[in-house]
Amino acid sequence: MDYDVTLIAGHREGLLARTLESFCRDVFPNFPIRRLIANLDPFMGDSAEGDRCEALIRRHFPDALIFRPETPDFASAVIRAWSATSAPRVLHLEDDWLALEPIGPERIDPLFEPDVGAVTFMCQSKHTRGLYHQTSRRVVKKGRRIVEDFLVNAFSTSPGVFDGDFLREAARRMKPGLDPEKQFFRQINPELEAHALPRRCMFLRGVTRRELILDIGREARAAQGLVKVYENGASIWRRAEAPPSEAADE
C-alpha cells in the first residue's frame, strides 16, 4: 500500500534539518512513499531561510510538491497539503519532531480496523486515560453544575498515519483560521466533528519506551521567548511576558 507524506513547516531551517535527518534515517526508508507534499509557511524565518528549507526538502525528495503561501495560517497549510494527497495512506508530520526508533507499516497496518481514521505516534504530552485510542474530555454545564462529563474521540496533527480518504474529507470540511487539531473535537467545527467523532485515532507506542517521537519545538519556542495559547478556536504564538522582577529591571 502506497503512502504520501505531508510536511507542515515554517521557515525554521535548524528544526527542519533535524526532523528530516531523523525521519530519513528511521522512518521514510521503511515506507513505499509515492510523493512528499510540503507547506512552508512564512513563519519565524525570512524568505532566504524559506529558500534554504525548500532546498533541504528537495535534497531528500527532489520531486516534492512544495507550497510557499504568502501569509501563514496553520489550518490553511494543513488543508492545502492534505488536499493534494492521493495515496491510500498518508504519513503526516511537522518540522519539529524526532523519531526515537524505527517505524514501519508492519506496526501500523494492523491498527487500521474499519472504524480507525488515523494512528498517532505516542509522545510525552499525550494522555491515554488507560485507552488504546485518543480521546478528549467534554464537560457540559448548566450554570455551575456539571450535567454531562464524558469522553469523545479525538485526532492529532502531530506525526502519525491517516487513512487517505478520511484525511482528504477532513481537509474538505476544515476551516481556515482555526486550530486544525482542535476542529476535530472542540465543538468549533460541527461539520468536521460529524465526520471525525465516529472514527478512532489509535496510539502507536514505542518498543522500548512509551514515547515514539520527541517534540523539539517547545524548546525552540522557549528559546525565542514565545508561548502558544489557544484563543477563540485558534492557536496563537505570543511573546512570553517577563516575570515581574525582570520587567522591573528593564
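Predicted model: local features only at pLDDT ≥ 70, side-chain atom pairs only at ≥ 80, totals over all residues.

Trainee: How many residues has the largest nonpolar core?

Mentor: That core has 35 residues, and Phe28, Ile57, Ile108 and Phe121 have the most contacts inside it. A nonpolar core joins buried (under 20% relative accessible area, 1.4 Å probe, protein chains only) Ala, Val, Leu, Ile, Met, Phe, Trp, Tyr and Cys residues through side-chain atoms within 4.5 Å.

Trainee: Which residues does Phe121 touch?

Mentor: Leaving aside residues up to four places away in sequence, its contacts (heavy atoms within 4.5 Å) include Leu91, Ile103, Ile108 and Leu212. A second, separate core of 24 residues includes Val78, Trp82, Val152 and Leu167.

Trainee: Why is helix 3 called largely enclosed?

Mentor: Helix 3 is largely enclosed by the rest of the structure because 7 of its 10 residues are buried. Among them are Val78, Ile79 and Trp82. Helices are DSSP runs of H or I with at least four residues, and strands are runs of E with at least two, numbered from the N terminus. The buried residues of helix 3 pack against strand 1, strand 2, strand 4, strand 9 and helix 5.

Trainee: Turning to the largest pocket, which classes of residue form its lining?

Mentor: Its lining has 18 nonpolar, 11 polar and 17 charged residues. Here Ala, Val, Leu, Ile, Met, Phe, Trp, Tyr, Cys and Pro count as nonpolar, Asp, Glu, Lys and Arg as charged, and the others, Gly among them, as polar.

How values were computed: Residues numbered from 1 in each chain as written. Heavy atoms only, no water. Buried < 20%, exposed > 50% of the residue type's maximum accessible area, 1.4 Å probe, protein only.
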